[in-house]
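Here is a short briefing on the model shown below. Points are grouped by topic.

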Amino acid sequence: MFFKKKKISLNNLYPNLKVKNNFFIEDIKPLRFAKKNDLTFFDNIKYRDEVDKTDSRVCITSEKLQKFLPKKIIKVVVKNVLFELSKILNKIYINADIDFPDKSLKKPVKSYFKNVKFGNNVLIGKKVKIGKDSIIGSNTIIEQNVKIGNNCVIGHGVIIKNSLIGNNVIIQDNCKIGQKGFGFIPIKKNNIKFPHIGKVKIEDQVEIASGCTIDRGSIDDTIIGNNTYLDNQVHVAHNVQIGSDCMIAGQVGFAGSSKIGNNVSIGGQAGISGHLKIGNNVKIGGGSGVVKDIEDNQVVMGYPAIRLKEFMKKNRKNNDHN
Amino acid sequence: MFFKKKKISLNNLYPNLKVKNNFFIEDIKPLRFAKKNDLTFFDNIKYRDEVDKTDSRVCITSEKLQKFLPKKIIKVVVKNVLFELSKILNKIYINADIDFPDKSLKKPVKSYFKNVKFGNNVLIGKKVKIGKDSIIGSNTIIEQNVKIGNNCVIGHGVIIKNSLIGNNVIIQDNCKIGQKGFGFIPIKKNNIKFPHIGKVKIEDQVEIASGCTIDRGSIDDTIIGNNTYLDNQVHVAHNVQIGSDCMIAGQVGFAGSSKIGNNVSIGGQAGISGHLKIGNNVKIGGGSGVVKDIEDNQVVMGYPAIRLKEFMKKNRKNNDHN
Amino acid sequence: MFFKKKKISLNNLYPNLKVKNNFFIEDIKPLRFAKKNDLTFFDNIKYRDEVDKTDSRVCITSEKLQKFLPKKIIKVVVKNVLFELSKILNKIYINADIDFPDKSLKKPVKSYFKNVKFGNNVLIGKKVKIGKDSIIGSNTIIEQNVKIGNNCVIGHGVIIKNSLIGNNVIIQDNCKIGQKGFGFIPIKKNNIKFPHIGKVKIEDQVEIASGCTIDRGSIDDTIIGNNTYLDNQVHVAHNVQIGSDCMIAGQVGFAGSSKIGNNVSIGGQAGISGHLKIGNNVKIGGGSGVVKDIEDNQVVMGYPAIRLKEFMKKNRKNNDHN
């Protein structure tokens, strides 16, 4: 939708692979979402549960992980799954590895956006859709193909690209949403940039305060669930998926690909490491550093974050020492 | 001043309340500032000292807290004080719960701002006042009714609303000042946004570095005192009041309603929890998490922050363990 | 280069200093870079190794530190070296203590930038140079004398001043680069702002994600080395010098004047204190607070950061206590 796709067949991509029925690759998707004609990948034991859920017929994986995949799946075994993915993505998608500024940006044509109010100097890319009664502040930039729902309020100096935004969403001044995330293959003198073909999905009733950055997904999407509120200067990395009714205080940071449940509250400046699963109704204290999965209904605090009760006991004990 | 107020009488608001002398509600104010015709509220035992200082005749409070209020004050006892306040504020004030971008923004009329220098593409709302010899950088937005003093330098891409700014103030590029804070009543599927009728007050000689966010007060004001300096990416939540001559390093975050004394220095990335009182001449080490009040002249560090001496001892002991 | 310099002789500056051969002061430089006609300074024992490397003939220093300087160097002994430097810098340089917005900003003249693509509303100062095939996003501001190399992609709403940028550099939306750092002499009621005459140097292949702030050097330069990648909302203070091939995750903060080696990776939200030396190939865990120098090849974590093994042991032990 946001990135141009070339039509390439599996055989064309992997001439040496033994494939009975060659097919055109429809897309590259995470295991759980991959359909029959999608290529998928398995690079982290954390996603073992997903191998049986995939409809994909071809999976890029490593020597170590290939045994967990069902027999019927054709394996492309490589040393570095992300490096391989990066190469394949660059062959299939154009301009997903660098955020070239949208060349189609123009002042909005008011006849086209009949029930939308625009501030001054707004720039809109081609095929942008904005629902009725939405308001766009001054100096805001909305790049091509972005969709914004009804009754949204977008502040001044906001930059949105590669994103789908629901209804009744508030985005305050100067947020940056949908840019490429921090993904690359480290190589001396010239890293390889990992293409980001995912998007940002912001569901209904969400509020995002000033100066937040929400990166789009690399292959998966980045999602902010219904009625979740983010305070100022929050950083949401690529592929992070936050559930509904969450409350994320100022300067919280999410590393890539973590999944946050519903009704989670996170105190200011807390950090959530990458590839974690945080349950529903979890409370994370301000300044905490979460480095492990958290089950539903837990209250945690500390660096690294532990159950609040233990954190209190530990602190008391430490203070007794003195 | 920044938000339109409707004239409503106490009886009109609370028909069932036994009031001898009905009156028009002048404003809604915190206990210590509330005058005779203001409505006030008491929702946190931390503000117990203020109940005797108020001139208000009517106070919204909870079952538990009502006993601390003087007899002469009429109590509106509710389950959730903030929820009640939110309802009342929405009845009295218009558009204080969502930051609708200012529709009056225009290029500055130079004859009106005779001794002010403007960069390119500056946007100014109606009734903005800017003192002589002040300079406003390019792409900066100053919304209606904001006042800026003399000899200020405002950088590029700054967004200011609902704020009073003193003389000789420096605000570097891309700061966001005066937007609504992170306040709402959590409700599944559709939170209630708490109206913010306060402002930001920045006193003389203040310097604020790039990319800071300073939210306006909800009912109280957010204040940055005389000659206080903020480094890049500092986050100041609603109602925070920082004294004079303070030094706040990069990426520090203040949760709502904390009061910081004079001559306080705070190291980079430290976090100050909400509703705290930090004394004068306090030094807070970088990366600390302050969760308790701090008396004058203390030096603290750690997460949670403790006296520096104890922090050092604790670390030594912990290392001895190894 | 970025700041206008007045021609002042040493005698003119220090009439009471016994100088055999008076000379015009060429520049003010750190010890290791100061040439024959430059003034230098020595204010921190950490820079003791540099006193023998300087070609400067005159050094501002303190009573305590003067003994470490070679005999042949004329010492200007003062109570507060930074205060003295601040005064001298203000005499020699104009407008380096406050970032007055560039008055020369204009829409780019396309005939002058033949092989550069510009978005809408770009503002460029006088004598800016941009290499071929570079792209500048909309609403971006590039102040006078900035140099940008070939094949760079600068996003939307970026603000660059006092900077030299190499080839193949990516700077994502809304970064602020080259502004004055957080340096001042604290004085009640009216701090003295420390002039910043340094610049930002960004080497080739660097990628800087959204919303980062990189302050220019005070007397030294701020440097981001070749092929180093910064994630969103990173804060780099004045004089920080980061080597090549580093990986700096989101919301990391560097206090002033630290030197980071090559191939260093730093996890999200970590903080690096000022004036530190971090070796090559160092790995710093997310959320760490680094307060001491780190040798090559170390892996550290914690607050304060210690070797990862010790951090793990300490945590295990602490948990056993419970």
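**Briefing**

A:Q205 counts as buried, because 20 C-beta neighbours lie inside 10 Å and the cut-off is 20 or more. The model is predicted.

- A:Q205 has a phi near 65°, a positive value in a residue other than glycine.
- A:Q205 sits in the loop that runs between strand 18 (200-202) and strand 19 (207-208) of chain A.
- In chain C, C:N121 is not a glycine either, yet its phi is positive at about 60°.
- The loop between strand 5 (117-118) and strand 6 (123-124) of chain C holds C:N121.
- C:N121 is buried, with 22 other C-beta atoms within 10 Å.

**Cis peptide bonds**

- B:Y303 and B:P304 are joined by a cis peptide bond, with omega about 0°.
- B:P304 belongs to the loop between strand 33 (299-302) and strand 34 (305-307) of chain B.
- C:Y303 and C:P304 are also joined by a cis peptide bond, and here omega is about -5°.
- C:P304 is placed in the loop between strand 33 (299-302) and strand 34 (305-307) of chain C.

**Helix 2 of chain A**

- Helix 2 (residues 81-92) of chain A has 12 residues.
- From first C-alpha to last, helix 2 of chain A reaches 16 Å, close to the 16 Å expected at 1.5 Å a residue.
- Which residues of helix 2 of chain A are buried? They are A:L85, A:S86, A:I88, A:L89 and A:I92.
- An α-helix has 3.6 residues a turn, so residues three or four places apart point the same way.
- The cover over the buried residues of helix 2 of chain A includes helix 1 (10-13) and strand 1 (27-28) of chain A.
- Also included in that cover are strand 2 (38-42), strand 3 (58-61), strand 16 (184-185) and strand 17 (192-193) of chain A.

**A:G286 and its surroundings**

- A:G286 lies in the loop between strand 31 (283-284) and strand 32 (289-290) of chain A.
- A:G286 counts as buried because it has 25 C-beta neighbours inside 10 Å.
- Leaving aside residues up to four places away in sequence, A:G286 touches A:A249, A:G267, A:G268, A:Q269 and A:A270 in chain A, and B:G271, B:S273 and B:G289 in chain B.
- A:G286 and A:Q251 are 35 residues apart in sequence, and their C-alpha atoms are 9.9 Å apart.

**Where chains B and A meet**

- The contact draws 38 residues from chain B and 39 residues from chain A.
- On the side of chain B that touches chain A, helix 3 (residues 308-321) of chain B gives the most, with 4 residues.
- That side of chain B divides into 14 nonpolar, 15 polar and 9 charged residues.

**Where chains C and B meet**

- This contact takes 38 residues from chain C and 39 residues from chain B.
- Helix 3 (residues 308-321) of chain C gives the most to the side of chain C that touches chain B, with 4 residues.
- The residues on that side of chain C are 14 nonpolar, 15 polar and 9 charged.

- Why do the copies meet through different surfaces? Only 18% of the interface residues of chain B are also interface residues in chain A.

Key: Residues numbered from 1 in each chain as written. Chains lettered and ligands numbered in written order. Predicted model: local features only at pLDDT ≥ 70, side-chain atom pairs only at ≥ 80, totals over all residues. Contact = placed C-beta atoms within 7 Å. Helix = DSSP H or I, 4+ residues; strand = E, 2+ residues; numbered from the N terminus. Nonpolar A, V, L, I, M, F, W, Y, C, P; charged D, E, K, R; others polar. Expected span 1.5 Å × (residues − 1). Buried ≥ 20, exposed ≤ 12 C-beta atoms within 10 Å, placed from the backbone.
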